[in-house]
Amino acid sequence: MIQVDNLSKHFGTKVAVDHISLTVNKGEVLGFLGPNGAGKSTTMRMIAGFIPPTSGDAKVCGHSITDEPALAKMKIGYLPESAPLYQDMTVIGFLKFCASIRGLSGSDRKAAVDRAIETCFLNNVAEQSIDTLSKGYRHRTCLAQALLHDPEVLILDEPTDGLDPNQKYEVRELIKRLGETKAILFSTHILEEVEAACTRAVIVDRGRIVIDGTPEELLKKSKTGSLTDLFREVTSNDTDAAA
Amino acid sequence: MPTLTIYKRELSSYFSQPTAYAIIVIFLFLATGLSFSFGKFMTIGDASLEWSFFFWHPWIYMLLAPAVGMKLWADEHRTGTIELLGTFPISTWSAILGKYLAAATVWLVALLMTFPIWITVNYLGDPDNGALISGYIASFLVCCTFLAITLLVSACTRDQVVCLIVSVAICVLMVLCGYDDFTRELSKAVSPGVVQAIVTIGVWDHFSSLNRGLMRLQDIIWFSSIILVCLLGTSAILSAKRA
Ligand SMILES: Nc1ncnc2c1ncn2[C@@H]1O[C@H](COP(=O)(O)OP(=O)(O)OP(=O)(O)O)[C@@H](O)[C@H]1O
Ligand SMILES: [Mg+2]
């Protein structure tokens, strides 16, 4: 459902993403790992249609993100890294706005908003103004926005960032549950999440894929049987290269 | 209709915060204050409002119109919500139009709130109401032109203050160029061709004839082409910023 084909992105002379290819099928949860500045967010932004690739293409449910962006975007739920929100709205107002913009109206819209609020545990802040929310609740509000239209493809950039341990657990379970019927690509810095939620994981370093496999395969590749050691082994610790 | 959804969101954001009210109150205060004091509204014995009332509008707009438009894209860049807008299945155009129309509506409300002055002249004298309507149209067109310029500047920066200063500077320039006292001084220094060129940049040539009740096609085209160019420019800058 997500098909990424030799995707590259250059910022000036800097190569942020370097010929990345990957596929995520329905029923798969792909964990996207890599050190800071590896190009995870840039890749996800390109697949979500926010920034145009320098070369290569990504297809979502068969629709190319460069040629048929509107069709592809309809199939995607996207959680940006910084979980941006309109500060002057209430949680429910914001979700209604996002639902309307995705073409939902009337009782469909109400049902979608209620479901998203339920799924992301936002009941007790629904009427609260977004600028008074705590960081975790803001993150969950933005996550709710990505689930509104029940998309076939989810692209989540660090969905568990800033959440408390209970919520981290809930979101992992949510990803696992949604992953049964959707194609999910999510990035994370927490290696336990790979074993907890992913059916497959990819490690990128300096814009290239260095490892691709199921959590079991990854564990086998590691000499010590720990993902952290494998991660340290295959990625560069050269901050100059990534900064 | 995504344009309508965005329009409604922007409009409710103006009116859920003090922005719109502050602007409207200041505008009403200045517009009536100036026409009763410097405009000699009472003593001039002229019911046309051309000099006493509408004459001041470009001077007020050049300072206040950018204050309404400055947040439109600057805020979107600063908070990162542009990433949400950019990944919704909508065209950049619907976002630009929705935002622009919302800002224009705030000014339309402000302008309509000056109706007591219209009632007053009709009560005191016998004005040409056709010319008055033409004056209102002229005033609104100047305002819309300044808003379009602000929208364009706001797409370039994430800083509202920078946007405000730059837009005010451009608007002040457009008001000064072609203002009689200014061109008289200028014609002493430079050749008539240059003066003519500078006058065409200014708003007065087009504003004054409309204000006199003279509907010239060329003025309407002048205003609408500036607005159109600014909106097109906004769209171009937004897509260039993402690449
Ligand atoms: N708009 C931009 N202009 C210039 N360079 C950029 C831009 N966006 C990203 N980069 C660069 O691209 C590289 C990849 O950034 P990216 O945000 O994709 O990393 P990441 O893998 O998501 O890192 P993190 O784990 O810190 O989120 C970085 O070196 C970054 O500096
Ligand atoms: Mg990132």
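**Exercise 1. Determine how many salt bridges the rule finds across the interface of chain B and chain A, and describe that interface.**

Solution. The criterion comes first: a salt bridge is a side-chain nitrogen of Lys or Arg within 4 Å of a carboxyl oxygen of Asp or Glu. Applied across the interface of chain B and chain A, the rule finds 2 salt bridges. A:Arg45 and B:Glu83 meet through their side chains in a salt bridge, at 2.9 Å from N to O. Next, the contact (heavy atoms within 4.5 Å) involves 22 residues of chain B and 25 residues of chain A. Finally, the area buried between the two chains is about 2,200 Å², with carbon and sulfur atoms giving 67%; buried area is the accessible area (1.4 Å probe) that two parts lose on being put together, summed over both.

The model is predicted: local features need pLDDT of at least 70, side-chain atom pairs count only at pLDDT 80 or more, and totals for chains, interfaces and linings use all residues. Residues are numbered from 1 along each chain as its sequence is written, chains are lettered from A in the order in which they are written, and side-chain values use heavy atoms, with hydrogens and water left out.

**Exercise 2. Describe the boundary between domain 1 and domain 2 of chain A.**

Solution. An automatic or database domain assignment divides chain A into domain 1 (1-75 + 152-162 + 177-235) and domain 2 (83-150). Their centres, taken over C-alpha atoms, are separated by 25 Å. In contact are 12 residues of domain 1 and 10 residues of domain 2. About 740 Å² is buried between them, 54% of it from carbon and sulfur atoms. The count of salt bridges between these domains is 1. The side chains of A:Lys182 and A:Asp150 meet in a salt bridge with an N to O distance of 2.6 Å.

**Exercise 3. State why A:Lys110 and A:Asp114 are separated by about one helical turn.**

Solution. The side chains of A:Lys110 and A:Asp114 form a salt bridge (2.8 Å, N to O). The two residues are separated by about one helical turn because they lie 4 residues apart in helix α4 (residues 106-119) of chain A. Helices here are DSSP runs (H or I, at least four residues), numbered from the N terminus. Over all chains, a search of the whole structure finds 16 salt bridges.
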